[in-house]
Amino acid sequence: MSIALKRILHIGKFLFPVFILIIVAIEARKELASLSISNAVHVIKNIPTGGFFLAITVGILAVSMMFFYDFLMIRSMKIDITIQKIFRVSWIANSFNGIFGFGGLVGAGLRVMLYRSYVQDNGKLIKNITWMTTAFITGLSFLSFLGLIGVLNIWFLLQEKPWLWPALVIFAFLVPVYIGISKVKRKKEKDRVGKTGTAVLYCLVSLVEWLSASIVMYVIVLLLGVEMSFRQTLGVYVISSIAGSISLVPGGLGSFDLIFLMGLKQYGISAETTLSVLLLYRLVYTVFPFGIGLAFAAFEMTGLTLKKVEDRPFIAPTLETTGVLWALRRRFFSTLSSWSLATLTALTGCIIILSVLLPTAANRAHELRILVPKQLIQISFDLSLSFGVLLIL
């Protein structure tokens, strides 16, 4: 492949998501013209505190399901890593991937960086991570097949957006293709990367992952008082996820949301309510796990961790010949650790300030006046505001 062609492909990978976002923005203009963000946020604020924590708990459990990808990969490679380490790396990779995305490249890169000190064959590690990453979509593939044969009701969306038809057909047959390729790879001598049994387990984990994510969406739908069955919610979620996946936009942002908005509209759900569902879904399944991922990243990506990589005998000679590249990479990941801590501190400060300024704080204060003097409540508010500002600074 010529250098010019490689450059074109590299630029294309960046421009394609941007192009999709522009198209989505144009398509969404008429759908979002009458929407009110403030009304959508007001709907979320009316959710009982217990319901909000239920959504967060279900979201955390759903993200935790992705741990089994890494667990299966590490066990198939027979690497001695603790369960806690695997869980942290998995959470970092998946939560960062949910925010930055780009077809799983971010998650794959982080896994290579954090697992490489435990292996002696970096090539084998990269192959296994690549093979595992391709399995992420197989669960959606199985659900797409259910939609194709009519088990899930998605026909009304396909009629409105016929360009989703070829995507649905392609996605529906990815599982047999993936299993078939694994059988071919298994025939290669000493090649355990594409082992069929592991491939099937990857597919099962992927199915559980996608079902867990759809359950998060369904729980949020119920919390907001939307009258929809799980089958209906799953159908809209699947076709929206297909649109989000082919866009290559991080988290399917825009394309997923637009199709989901149109899907719930067909069931008579108002745009403000649907927007509330999407905002809460993004919060509990993407933003909140990303915050936890930042905490894990601050712990994992320290100078000590990077020093362990440098001290490995089989890596040291390579570092001598690629010193500049490694220095830049080491500086980036060391900065990422500091950046993670700084972001968490700033977010904590913002949360403290909001907890004081929001109307709910005034309501709580009014109830506390029965037990606590008014002056003491005011002092606690002033201290909270001061701490919040100090944390941001």
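Modeller: A residue is called buried under 20% relative accessible area, exposed over 50%, and partly exposed in between (1.4 Å probe, protein chains only). The model is predicted, so local features need pLDDT of at least 70 and side-chain atom pairs count only at pLDDT 80 or more, whereas totals for chains, interfaces and linings use all residues. Residues are numbered from 1 along each chain as its sequence is written, and side-chain values use heavy atoms, with hydrogens and water left out.

Biologist: Is phenylalanine 145 buried, partly exposed or exposed?

Modeller: Phenylalanine 145 has 31% relative accessibility and therefore counts as partly exposed. This residue lies in helix 8 (residues 138-148); helices are DSSP runs of H or I with at least four residues, numbered from the N terminus.

Biologist: Which residues of helix 6 are buried?

Modeller: They are Gly107, Ala108, Leu110, Arg111, Val112, Met113, Leu114 and Tyr115. Because eight of the eleven residues of helix 6 (residues 105-115) are buried, this helix is largely enclosed by the rest of the structure.

Biologist: Which residues touch the most other members of the largest nonpolar core?

Modeller: A nonpolar core is a set of buried Ala, Val, Leu, Ile, Met, Phe, Trp, Tyr and Cys residues joined through side-chain atoms within 4.5 Å. Here the largest has 87 residues, of which Tyr202, Ile220 and Tyr281 touch the most other members. Helix 12 (residues 196-223) supplies the largest share of this core, twelve residues.

Biologist: What is the mean pLDDT of the protein chain?

Modeller: pLDDT is the predictor's confidence in each residue, from 0 to 100. The chain's mean is 75, and 62% of its residues reach 70 or more.

Methods
Helix = DSSP H or I, 4+ residues; strand = E, 2+ residues; numbered from the N terminus.
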